[in-house]
Amino acid sequence: LIDAGSNSAQEKILTYLQENQVRELAVVVGTHPHEDHIGSLDAVISNYPVQKVYLPKVVHNTASYENLLQSIQKQGLKINSARAGVTFAVDGVEAEFMAPVREKYEELNDYSAVLRLKYGDRVFLLAGDAQLESERDMMANGRELKADVLKVGHHGSVSSTAKRFLELVSPQYAI
């Protein structure tokens, strides 16, 4: 599970997981600590067995972030660092974090965990709320960014998806 929407989405995400007969989550990723991304993750972690949690190494002093940290601690889970180069695999899906590349950014969105997922011969790049600064770092980092499907950064905002970045990813579909 990558992000879980805002606090107001809690019932919706829990119902969705239940209706789809999800019993356990191998990996939960909070792309960055903004409420619209991690607001309902605390409820998910409190209601489902989770094997691993990945978060970028940045703190935020909001109730949503504090609630997430408390639910992780209450479940006895360890936070794994979401950062460029970290990889994991789940049921035939190979995952690699493309960002964050650096330890420090001015904007919280640039700490977004960006995931490149490979399943069979299909590749997905999920950009969280990564903005132009993070995109520049990913391009300079030299890792393969090409993907069939791009989940564009920052909800399609003008602060993300620079022309050069889009050319490098070269997706068939951008969502």
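Okay, salt bridges: a search of the whole structure turns up six of them. By salt bridge I mean a side-chain nitrogen of Lys or Arg within 4 Å of a carboxyl oxygen of Asp or Glu. Before I go on, this is a predicted model, where local features need pLDDT of at least 70, side-chain atom pairs count only at pLDDT 80 or more, and totals for chains, interfaces and linings use all residues. Residues are numbered from 1 along each chain as its sequence is written, and side-chain values use heavy atoms, with hydrogens and water left out.

So, which side chain does D137 meet in a salt bridge? That's R102, at 2.7 Å from N to O. This pair links distant parts of the chain, 35 residues apart: D137 sits in helix α5 (residues 132–141), while R102 is in the loop between β5 and β6 (114–119). Helices and strands here are DSSP runs, numbered from the N terminus; a helix is H or I with at least four residues, a strand is E with at least two.

Is D137 buried or exposed? Buried, with a relative accessible area of 15%, whereas R102 counts as partly exposed at 33%. The cut-offs are under 20% relative accessible area for buried, over 50% for exposed, and partly exposed in between, using a 1.4 Å probe and protein chains only.

One more bridge: R122 with D148, where the closest N and O atoms are 3.9 Å apart. Again the pair links distant parts of the chain, with R122 in strand β7 (residues 122–126) and D148 in the loop between α5 and β8 (149–151), 26 residues apart. R122 is partly exposed at 43%, but D148 is buried at 17%.

On to the aromatics. How many aromatic pairs does the whole-structure search find? Four. Rings of Phe, Tyr and Trp (its six-membered ring) pair if their centres lie within 6.5 Å; planes under 30 degrees apart count as stacked, over 60 as edge-to-face, and the rest as tilted. Take Y54 and F97: their ring centres are 5.4 Å apart and the planes are at 45°, so that's a tilted pair. Y54 is in strand β2 (residues 50–55) and F97 in strand β5 (residues 93–99), so the pair ties together parts 43 residues apart in sequence. F97 is buried at 0%, and Y54 is buried at 4%. F88 pairs with F97 as well, also tilted, at 6.0 Å between centres and 55° between planes. Y54, F88 and F97 make up one aromatic cluster.

Last topic, the nonpolar cores. A core is a set of buried Ala, Val, Leu, Ile, Met, Phe, Trp, Tyr and Cys residues joined through side-chain atoms within 4.5 Å. The largest one has 19 residues, and V44, I45, V50, V53, L68 and I72 have the most contacts inside it. Which element gives the largest share of this core? Helix α3, with four residues. There's also a second, separate core of 13 residues, including A99 and F165.
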